[in-house]
Amino acid sequence: LVGCITDRNDRLLAQADACMETQADSARGLLAQMDSVLTERQQARYALLWTQATHKCRIPLEDDSLINVAVEYYSRVGDAHLLAKSLLYKGLVHKQNGEIELAAEAFVSSEQTFTGVEDDQYKALLFNHYASLLAKQSLYNDALTYYKKSYHCKLRGDSIHYVVSACSQIARMYEIINKKDSAEIYYKRGMHYADNTSRKEYLY
């Protein structure tokens with residue numbers, strides 16, 4: 001019986017992960033069907049996926065207690081990729097709740113853990129949110145650095161829309177620090193990419 005429950009939970013976790021990027025609400029629905037008897041590995045995976053789906057659905061999370069289950073487990077077992085993603089979402093929970101210092105700490109830890117990991121999509125997400133956090137603190141030069149990091153990750157991706165958004169963010173930072181020529185370069189670059197796509201896709 002325990003083996004059957006474990007297999008069913010693994011299937012639900014896999015299905016939730018598979019539809020996460022395009023149907024986060026469906027991912028939450030699948031995760032809600034899981035049996036309460038979970039292995040430690042399943043608890044960590046559930047914690048990350050539930051936090052991820054909840055954030056994508058723009059539903060507030062009160063604190064980081066759930067995502068910390070994933071952070072602790074992946075840190076202990078040495079899974080750098082899933083630890084980096086867990087730290088990213090830990091930062092997003094804190095950012096959502098206005099806990100700037102805790103968010104920054106988690107984002108920095110995520111960046112360090114992502115070193116050597118190939119995942120431009122989530123690195124771009126990390127850099128974009130960290131840049132936004134820095135900009136809110138009027139640290140515009142630092143924000144510009146991270147928006148550029150996000151831009152380069154997005155260039156290696158398959159969505160031109162993300163690149164257009166990144167160009168706009170970089171241009172805005174240049175405007176704020178009164179570098180109008182550089183701002184114009186990135187606005188024009190964004191318009192060039194925009195002319196080559198009609199797709200509207202969003203990275204949360």
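K149 counts as partly exposed, with a relative accessibility of 30%. In this predicted model, the side chain of K149 meets that of E111 in a salt bridge, at 2.8 Å from N to O. E111 lies in helix α6 (residues 100-114) and K149 in helix α8 (residues 140-155), so the pair ties together parts that are 38 residues apart in sequence. E111, at 19% relative accessibility, counts as buried, because the limit for that class is under 20%. The structure holds 10 salt bridges, and the pairs described below are among them.

**Overall form of the chain**

- The secondary structure of the chain comes to 10 helices and zero strands.
- Read from the N terminus, the order of elements is α-α-α-α-α-α-α-α-α-α.
- A compact globule of 204 residues would have a radius of gyration near 17 Å, and the 18 Å found for the chain agrees with this.
- The C-alpha trace spans about 65 × 35 × 30 Å along its principal axes.

**Burial, surface and contacts**

- Of the 204 residues of the chain, 46% count as buried.
- The accessible surface of the chain comes to about 10700 Å², and carbon and sulfur atoms account for 50% of that area.
- Among contacts between residues at least 6 apart in sequence, 59% join residues that are at least 24 apart.

**Helix α5**

- Helix α5 covers residues 80-96 and has 17 residues.
- From its first C-alpha to its last, α5 reaches 24 Å, close to the 24 Å expected at 1.5 Å a residue.
- Of the 17 residues of α5, 14 are buried, so this helix is largely enclosed by the rest of the structure.
- Just after α5, G98 takes a positive phi of about 75 degrees.

**The salt bridge between K90 and D64**

- K90 forms a salt bridge with D64, and the closest N and O atoms of the pair are 2.6 Å apart.
- K90 lies in helix α5, whereas D64 lies in the loop between α3 and α4, so the pair ties together parts that are 26 residues apart in sequence.
- K90 counts as buried, at 16% relative accessibility.
- D64 also has a relative accessibility of 16% and counts as buried.

**The salt bridge between E40 and R76**

- The side chains of E40 and R76 meet in a salt bridge, with a distance of 2.2 Å from N to O.
- E40 belongs to helix α3 (residues 40-56) and R76 to helix α4 (residues 65-77), so this contact ties together parts that are 36 residues apart in sequence.
- Salt bridges that share partners join E40, E72 and R76 into one network.
- E40 has a relative accessibility of 43% and counts as partly exposed.
- R76 is likewise partly exposed, with a relative accessible area of 46%.

Terms used. Residues are numbered from 1 along each chain as its sequence is written. This is a predicted model: local features need pLDDT of at least 70, side-chain atom pairs count only at pLDDT 80 or more; totals for chains, interfaces and linings use all residues. Side-chain values use heavy atoms; hydrogens and water are left out. Helices (H or I, at least four residues) and strands (E, at least two) are DSSP runs, numbered from the N terminus. The expected span of a helix is 1.5 Å times one less than its number of residues. Buried means under 20% relative accessible area, exposed over 50%, partly exposed in between (1.4 Å probe, protein chains only). A salt bridge is a side-chain nitrogen of Lys or Arg within 4 Å of a carboxyl oxygen of Asp or Glu. The radius of gyration is taken over C-alpha atoms; the globule rule is 2.2 Å times the number of residues to the power 0.38. Contact means heavy atoms within 4.5 Å. Accessible areas come from the Shrake-Rupley method with a 1.4 Å probe; for residues, only the protein chains shown count as cover.
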